[in-house]
Amino acid sequence: MTPHRVETKAPQFSTESPLKIALVEDKRDVRESWAKLINSFPDFICMCKCASGEDALRTLPPLQPDVILMDIFLPRMSGIECTTRLKNELPRTPIVMLTASDDDDLVFVALQAGADGYLLKRTTPADLRSALIDVLTGGAPMSSEIARRVVESFRQKPRGHDDNIRLTAREEETLMLLTKGYSNKEIADRLGVSIETVRSHLKHIYEKMHVQSRAGAVARYMSGNHVGQS
Amino acid sequence: MCMAAFLFCHPVFAEDYPLTKPQKLTPQAEKVVEQLGLGSWIWTTNFQEKQTCRFWKSIDVPANDPVRRAVLRITADNSYHLFLDAREIGEGSNWKALTEYDLTFLLTPGRHVMAVDGFNDGREAGVLLGMRIALASGKQLDVVSDDSWLVVPNTAHRWLSRSRPDAEWQPATIVGVVGQNPWWVNPVNIMTPPTLQPYELHFWKTTWFLGAVLSICIVALALSLWLAAKLALQTRAQELLDVERARIARDIHDDLGAALTQLVLQSEVAQTEFPETSTARGHFSQFCIRARAASQALDEVVWAVNSKRDTLRDFSSYLCKYAQAFLSDTAIRCRLDVQPGMPASVFDLSVRRGLLLAVKEALNNAAKHSGAAEILLRINKEGENVIVVVEDQGNGFDPEAVGGAGNGLQNMMQRLQDLGGACQITSGIGAGCRVEFRMPLAHPASRGGFSLRSLFNSQNGDTHERHDLDGQ
C-alpha cells in the first residue's frame, strides 16, 4: 500500500468533544505507543485500550467509540473474527485494521469481514490522523490492489437484483479508476464530482462488500479456511 | 531281479533277498568281459526294496593324448539314468540288454564326472557298465563298474555336477560278476543309440555373456533406483526448502518486523516529547524515517524469499505497489493496466526476481529521463508468458544513438535473455518510450519439472539464484 496521501486539508473537529478511539492490540508497548500518538492529536482521544479480541467484545459495545483500531493478528480470537463480531454489536462504528505487513490477501479478508479501512503499523502520525478522519467522513482510501480484488469479488458473485449488494455505475467507475492507479482527487476531477462524493462512493462500496461477503468469505474464515500469515 | 508276476506272488519275501555275493568268473563270461570291457555288478551294501542308488566317479582324460573313440556300455537291474558332466546321456530299464553309448565327442581332455542313478524294484540289484576309451596314442583305457565308484547318499544335493567327492561317500560294493546267476553271460541284445554330440554352446549361452547381461541389468537397476531415490530426495528437499523459506520469512517478519514497528512507534512518541525546534526532535524524526525505510525493505526481502509468493498474481500486485510507491515521490502519475483475474500461476523465483529488477530499471529510466507526466505499467499473461510493459509519452530517445554499453539497457536485456525472456524497446525522439518485457513463467532449466541435468547438478541453480537477495 502506498502511504495514504492527504487529499485535502482534513476537516477540523471541535476540540471540545474529541473523537473517541478504541485500540485493540495485544502487545503492551505497541498499545501504549499508539495510545500516546493518538492522544497527541488535539481532536482525538484514546478512550480504551484492549489487549485481546475477547476483551474488546466485552468492553467496547457499551463505550460506543467513534473509531476502533484493530490489530489484525491477535492471539486466540483473531482481529478479523473480532471485527465480524464487533460489527454485529456496533454496526455504525468504523473499524480500521492495523497490519504489520502489506499483505493484500489478509487485508482483503479483513475488509470483507467488516473492516472499513486499513493502516500499516509503520504509518506516520500524519497519515494515521488523516486515515481516521477519512474513515469518519467517508470511505477510507483504497489501494489499487484492493480495488482490483473488490472488482473481482463483485464480478464473481452476481447476486440477482438485490441493490444492496450491487454496485452502481458510479461506484463501479470509481473502482475501475482506482485499479488503474488514480487517486481520489484524480477520480473526482475525472468524474466531475467533489472528493467527498468519491469518498462516499468508497464508503458504500465497503458497506456493500460487507453485505455481499457476510455469508461467504467470513463463514470460510470462521471455519479456519482462510489466508494465513504472510 | 524283478518280474512283475514274481513280485506279485512274493511281495513279503523281499527281505529274504539280501545282497548277492560275487562269484568267480566263468571262462565264457571272462571272454565276454574282455570283449565288451565290462566291470562287475555293483550296488550299495544297504540293500532295500524299491531303492535308488547313486554312483559317482571322476575320470581324467590326459590333455596331451586326446580321445579317439570312447564307447560306454551299461545296463542295470532294474533301471538306470546315466550322466556325464551333469548331462543326461540316457536311461534304460532292461537288465537283459546292454546299451552302447558313443561318448567320443564328449570326452574332451580334462576331468569328467560320470554319474549313474540306479533303481531297483526288488530282489537282486546291480549296475553293470564299462567304458572303453581308445586314445590317440594307441593306449586303451577301461573304466568299469567296480568298487572305485562311490555311492552318493540320496540326501546329497547337486551331486551330478560335483567335481570332487565328499569324504563320507562310501565305495560301491561288488555284488556279482558277469554271468553270475540270475544275470546273463551274453546280453540278449546290444542297443546302440546315435553318437552323442557335444552341446552347441551359442555365445548367448556362455557364462561371460550371461554374466555381462546380468551385470548390465544390475547396473541399470541400481542406476534407476539411485535416480529415483535422488529424485524423491530432491523433490523432498525442494518441499523442505519451500517450507523453510516460508518459515524464515515468517520468523523474520514476526520478530524483526514487530521490533522495527515498535521502534518506529516509540520514536514517534519520543519525538513528541521534545519542543518542535529542538535538535533532538529532528534526530528522532530522521530516526523514524530510517526505521520506516528499514521496515519496508524488510517487507520486500520477506516477499522475495517467501515461497507463498511464487505466483503471478502476487508478482503483479507487488509490481503495481512498487511502481505506485516509487512514483509517488515524483511528480509523475502512475497508471496501471492489469489484466483482470490474473491467475495464481506459479512464477519461478529466479524469473520473477530478474523481471522485477528489470522493470525497476525501466521505471527508473522513465522517471529520470522521460519528462512525462504519466507512466503506464501494463501486466498481462499470454499463454505461458507474462508480459510487462512500461510506457510513457515523454521525450523519448533514439535507440540507435543510446545503444551500446554504459547504460542499464544492455544489462537489462542480457539478464532477461539469461532467464529465457526478451525485452523490446520502442522509442524515438519526441515519441515517448515503450519497454516490453516478455518472460516465461518457468525458468527454461526447470521447465518440465524434471531434467537429468538438474539431478546431477543438484540444486546448484537454486543456490546460484538465491545468494544475492538484495531486496531493493
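1. Let's start with helix H1 of chain A, which lies across S1, S2 and S3 of chain A and runs at about 160 degrees to S2(A). Axes here are lines fitted to C-alpha atoms, for helices over the stretch in contact, with angles from 0 to 180 degrees between N-to-C directions. Helices (H or I, at least four residues) and strands (E, at least two) are DSSP runs numbered from the N terminus.

2. Please keep in mind that this is a predicted model: local features need pLDDT of at least 70, side-chain atom pairs count only at pLDDT 80 or more, and totals for chains, interfaces and linings use all residues. Residues are numbered from 1 along each chain as its sequence is written, while chains are lettered from A and ligands numbered from 1 in the order in which they are written.

3. The five strands of chain A form an open sheet in the order S2-S1-S3-S4-S5, with parallel pairing; strands pair if DSSP finds at least two bridges between them. At the edges are S2 (44–50) and S5 (117–120) of chain A, each pairing on one side only.

4. Inside that order, four bridges join S1 (residues 19–24) to the parallel S3 (residues 67–71) of chain A. Leu23(A) has Leu69(A) in S3(A) as its bridge partner.

5. Now for the partner chain: the contact takes 26 residues from chain A and 30 residues from chain B, where contact requires C-beta atoms, placed from the backbone, to lie within 7 Å. On the side of chain A that touches chain B, H1(A) gives the most, with seven residues.

Technical notes. Two residues are in contact if their C-beta atoms, placed from the backbone, lie within 7 Å.
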